[in-house]
Amino acid sequence: MPVIIKRILFFAALLLIWHGIYLLGIWPESMIPSPLTVAQTIYAGFADMTLVYDIIASFRHLFIGLSISLVIGTLLGVLLAKVKTADETLGTMILALQSVPSIVWVPLAIIWFGFTEASIIFVVIIGGTFVMTMNMRIGIKNVAPMYLKAARTMGSKGVDLFFKVVVPASIPHAVTGVRLAWAFSWRALMAGEMLSTGPGLGYTLSYASDFNNMSLVIGIIIIIGVIGSIVDQLVFQRIENKVLKRWGMEEAA
């Protein structure tokens, strides 16, 4: 059975279970609205452009924050991989900070930047920087020694060796780092927007929760999940698979 058919059947079954729970009336509609009500709420949000503006705002925050985090993460990763003292000191701190949930940075961002877009972007940057740093570090440090020896034998050294051998050999880890940075930044974005003054999906989610609009809450959660899944599987996963096949780290289909 094709994967797409399996997924359609799976989600259809989930909708039936959800609708069945709603019909049983175990919980009030204010807690568990029907799938139809949620669908109507989502449609209304797109019809009046509210959700469209929120999605555009969220992607603007994400694009700015993720771009900055990839640049900083790449530079830090190179530093940790090439400078042993930095790896033993700064690397330890980054490894520790990587385990800190993104939402923990929100109060600090609010104190520093207030309830502005800058605080959201700061949280997004933090969300993606550390994971990109560690992946870039691993990629450079795991370059096969025989590649380096062969290049040095042919007279390559210094900057030439780095850009012609080390960087290309570390690309698979860098691509994986970009994919993980996207996922971490997307989660961090929602955490930052929930405590902001808008606009954005996270802000609207928090607003709907404050007014007990459960159909909108569930609708936005679905939208966040769908966007995350589509971007990850249709963009980053495909790029990662192509790179892994190109570098001989995965068998071609």
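How many residues line the largest pocket, and which lie nearest its centre?

Guide: The model is predicted, so local features need pLDDT of at least 70 and side-chain atom pairs count only at pLDDT 80 or more, while totals for chains, interfaces and linings use all residues. Residues are numbered from 1 along each chain as its sequence is written, and side-chain values use heavy atoms, with hydrogens and water left out.

The largest pocket is lined by 14 residues, and Arg7, Phe11, Leu14, Ile222 and Val226 lie nearest its centre. A pocket here is an open set of points on a 1 Å grid over the protein atoms alone, where a 1.4 Å probe fits, with protein on both sides within 12 Å along at least five of seven lines; lining residues have an atom within 4 Å of a point. The volume of the largest pocket is about 550 Å³, a volume being the space filled by probe spheres set on the points, which are joined across faces, edges and corners.

By class, ten lining residues are nonpolar, three are polar and one is charged. Ala, Val, Leu, Ile, Met, Phe, Trp, Tyr, Cys and Pro count as nonpolar, Asp, Glu, Lys and Arg as charged, and the others, Gly among them, as polar.

Helix H1 (3-24) and helix H10 (214-246) each give at least two residues to this lining. The chain has ten helices and zero strands; helices (H or I, at least four residues) and strands (E, at least two) are DSSP runs, numbered from the N terminus.

Next come the domains. The assignment, automatic or from a database, gives domain 1 (1-32) and domain 2 (34-246). Both supply residues to the lining of the largest pocket, so the pocket lies between them. The domain centres, taken over C-alpha atoms, are 31 Å apart. Nine residues from domain 1 and nine residues from domain 2 take part in the contact, which means heavy atoms within 4.5 Å.

Between the two domains, about 670 Å² is buried, and carbon and sulfur atoms give 63% of that area. Buried area is the accessible area (1.4 Å probe) that two parts lose on being put together, summed over both. On the domain 1 side, Trp18, Glu29 and Ser30 lose the most area to domain 2, together 57% of what that side buries. There are zero salt bridges between domain 1 and domain 2, where a salt bridge is a side-chain nitrogen of Lys or Arg within 4 Å of a carboxyl oxygen of Asp or Glu.
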